[in-house]
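Subject: Structure for you to look at

Hello,

Here is the structure I said I would pass on. Please open it before reading the notes below.

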Amino acid sequence: DAAVDETTVGTTIGAFAELNTAAAKTDAVFVFLPAREGTSAKIPSAPMKAAARTIEAKGIKCGLFTLKTGTRDYDQIAKQTPVPGVLALVKGRGMSAVSGEVTEAKLLQGYVAASSAGGCGPSAGAGCCPK
């Protein structure tokens with residue numbers, strides 16, 4: 001990346017609905033949820049990019065996004081998961097939140113959890129998911 005923007009990672013979106021078009025060619029995305037306005041926190045761009053590269057090495061297209069603070073979707077998610085944080089979303093599966101110290105390993109675990117969500121059977125890892 002030529003320009004280093006210290007407040008966002010990847011493409012900025014105002015609503016999750018925008019992912020339908022913005023992430024149409026991806027299988028998985030990481031969405032960074034910044035800290036609320038006026039609070040500074042380290043932007044996890046390096047671990048997010050590293051996790052995306054690891055996932056893409058497996059032939060899975062992964063996108064990076066930042067959800068704007070102050071939007072309805074941001075407010076909804078911020079009620080359910082600590083911010084700043086990152087959501088791992090896998091197309092046709094589910095999502096998983098990563099908060100606290102965001103590391104490549106935690107992002108990959110979030111990706112695996114999101115991949116397993118909604119799909120019961122041998123690929124879900126530990127047998128069948130609870131209903």
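Contact here means heavy atoms within 4.5 Å. This is a predicted model, in which local features need pLDDT of at least 70 and side-chain atom pairs count only at pLDDT 80 or more, while totals for chains, interfaces and linings use all residues. Residues are numbered from 1 along each chain as its sequence is written, and side-chain values use heavy atoms, with hydrogens and water left out.

Ser-96 is in strand E5 (residues 95-99); helices (H or I, at least four residues) and strands (E, at least two) are DSSP runs, numbered from the N terminus. Leaving out residues up to four places away in sequence, Ser-96 touches Val-86, Leu-87, Ala-88, Gly-110, Ala-113 and Ala-114. Its relative accessible area is 15%, so Ser-96 is buried (under 20%; exposed is over 50%, partly exposed in between, with a 1.4 Å probe and protein chains only).

Helix H2 (residues 45-56) also has buried residues, among them Pro-47, Met-48 and Ile-55. The buried residues of H2 pack against strands E2 (28-33), E3 (62-67) and E4 (85-90) and helix H4 (104-116).

The whole structure holds two salt bridges (a side-chain nitrogen of Lys or Arg within 4 Å of a carboxyl oxygen of Asp or Glu). One joins Asp-75 and Arg-36, with the closest N and O atoms 3.9 Å apart. Asp-75 lies in helix H3 (residues 72-80) and Arg-36 in the loop between E2 and H2, so the pair ties together parts 39 residues apart in sequence. Lys-61 and Glu-56 also form a salt bridge, at 3.4 Å from N to O.

Regards
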